[in-house]
Amino acid sequence: MYTVLQIVWFILIAVLWTGYLVLEGFGVGAGMIMPIVAKTDRERSQVQRTYGPVWDGNEVWLLTAGGATFAAFPLWYATMFSGMYLALFLILVCLIVRICAIEWRSKVASEKWRAKWDWGQIIATWLVPILFGVAFANLVQGMNIAVVDPATPQKSIAPDTLAALPNKEAMIHNFVGEGAPLESVFLSLLTPYTILGGVALMCVFLAQGSLWLSIKTDGVVQERAKNLAKSTTVAATLTIAVLAVWGQFAYASQVLWGWIPLVIAALAIIGATALTWLDKPWLAFFTHGAAIAGAVSWIFTTMAPNVMKSSIDPDYSLTMWEASSSESTLIVMLVVAVLLVPVVLGYTAWAYTKMSGTISVHDVEDNPGLVWDRIQSASNVSGNFFKES
């Protein structure tokens with residue numbers, strides 16, 4: 001029933017999400033802990049310079065994951081975005097605020113200007129992992145999805161009659177709250193399990209950011225990051241353990257296969273915590289990344305063979321077969337991926353190799369950017385942006 005191509009693309013989407021969570025996890029995490037490890041304007045600039053040059057490359061993994069889902073499994077994309085519309089919109093807003101904060105904070109020579117953008121970034125970075133964690137936990141737990149007739153999209157079809165439908169492919173999977181206000185649809189995503197998912201991913205990003213700053217900075221910022229990493233890795237281990245065990249016993253579709261990535265993730269995150277306490281931040285960072293990869297593998301394994309699980313009735317769940325694009329589309333996509341993914345991995349590795357050194361507070365300019373008092377108003381600009389001294 002399920003072709004090899006569908007399984008391959010299901011796995012590739014998991015790989016893309018792993019790349020995003022591992023790489024963007026340290027950037028977002030570093031932004032989250034900025035007020036804790038960086039007490040001065042120069043120290044905050046030091047922290048930001050550790051991920052400022054690479055944030056846009058890391059975001060590519062998110063865009064590619066979304067694009068691959070849309071192209072390979074369009075019904076998955078449509079069902080997920082209709083049910084999580086407000087949550088995903090809030091994530092988008094937070095990511096935009098974070099990007100503006102990273103790019104604009106150094107444009108004006110004003111410490112107050114930079115402080116405002118820093119706090120905008122801090123708030124946005126705390127919200128991003130919480131919202132993403134809630135979304136991922138909903139994929140494990142299942143959402144209020146039912147199969148409906150296109151002629152009457154607000155009325156679900158009885159589960160026991162689905163097998164007898166003459167043309168099941170013409171049916172659509174609809175979020176039950178589709179006609180309800182957006183805020184009520186959003187609130188339906190919040191359950192004890194999904195809230196724990198938000199907390200767990202928040203702790204994972206905090207640990208990833210702490211470990212990143214432990215290896216990319218020096219001086220007092222590095223010492224604070226190392227001390228913080230000891231507690232954040234423990235918090236990440238505990239919350240992920242509860243989330244995974246709970247999900248494995250309560251919601252996993254593949255109970256037996258789910259234990260394999262779960263055990264790998266557990267061993268890796270425990271190892272990362274131990275290495276952090278042994279003051280081996282480089283090994284701890286990469287081991288923690290392996291734990292994230294194991295956790296994503298566990299999420300996708302617990303979903304399979306579904307791409308969107310229904311919490312109303314298992315028969316309402318959207319499977320890979322039902323959500324997939326045509327075989328020819330998947331073949332073309334796979335050829336493009338085989339040709340271009342090595343290029344992306346190559347220039348990503350090159351970029352991180354070229355910027356592999358640590359960032360010192362002494363590398364930071366005292367007061368970069370334009371001076372407000374010397375900027376002409378738009379009506380007086382005549383080719384020069386500054387008044388004569």
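A crossing of two helices is called left-handed if the near helix is turned anticlockwise from the far one by less than a right angle, and right-handed if clockwise. In this sense helix α11 passes helix α12 in a left-handed crossing, where helices (H or I, at least four residues) and strands (E, at least two) are DSSP runs, numbered from the N terminus. The structure is a predicted model, in which local features need pLDDT of at least 70 and side-chain atom pairs count only at pLDDT 80 or more, while totals for chains, interfaces and linings use all residues. Residues are numbered from 1 along each chain as its sequence is written, and side-chain values use heavy atoms, with hydrogens and water left out.

The protein chain has 14 helices and 5 strands. Of its 389 residues, 48% are buried, a class that means under 20% relative accessible area, with exposed meaning over 50% and partly exposed in between (1.4 Å probe, protein chains only). Among contacts (heavy atoms within 4.5 Å) between residues at least 6 apart in sequence, 79% join residues at least 24 apart.

To return to the helix pair, α11 (residues 255-277) and α12 (residues 281-303) pack at an angle of about 160 degrees, with their axes 8 Å apart; axes are lines fitted to C-alpha atoms, for helices over the stretch in contact, and angles run from 0 to 180 degrees between N-to-C directions. That makes α11 roughly antiparallel to α12, since angles under 35 degrees count as roughly parallel, over 145 as roughly antiparallel, 65 to 115 as roughly perpendicular and the rest as oblique. On the α11 side the contact includes W257, G258, P261 and L262, and on the α12 side it includes L283, A284, T287 and H288. The residues of this contact divide into 14 nonpolar, 8 polar and no charged, where Ala, Val, Leu, Ile, Met, Phe, Trp, Tyr, Cys and Pro count as nonpolar, Asp, Glu, Lys and Arg as charged, and the others, Gly among them, as polar.

A second pair is formed by helix α1 (residues 4-32) and helix α14 (residues 327-354), whose axes come within 11 Å and cross at roughly 25 degrees. These two helices are therefore roughly parallel to each other, and their crossing is left-handed. In α1 the residues L5, Q6, V8, W9, L12, L23 and F26 meet E327, L330, I331, M333, L334, A337 and Y352 in α14, and by class this contact has 12 nonpolar, 1 polar and 1 charged residues. F26 and Y352 also belong to one aromatic cluster, together with W212, W282, F285 and F286.

Rings of Phe, Tyr and Trp (its six-membered ring) pair if their centres lie within 6.5 Å, with planes under 30 degrees apart counted as stacked, over 60 as edge-to-face and the rest as tilted. By this rule the count comes to 22 aromatic pairs. One of them is the edge-to-face pair of W104 and W117, with 5.4 Å centre to centre and 85 degrees between the planes. Because W104 lies in helix α6 (residues 85-104) and W117 in helix α7 (residues 111-141), the pair ties together parts that are 13 residues apart in sequence. W104 is partly exposed, with a relative accessible area of 42%.

Two single residues complete the walk. Q48, found in helix α3 (residues 41-49), counts as buried at 8% relative accessibility, and, not counting residues up to four places away in sequence, touches A101, I102, R105, D118 and Q121. G369 has its place in the segment after α14 and is partly exposed, with a relative accessible area of 41%. The C-alpha atoms of G369 and V108, 261 residues apart along the chain, are separated by 4.2 Å.
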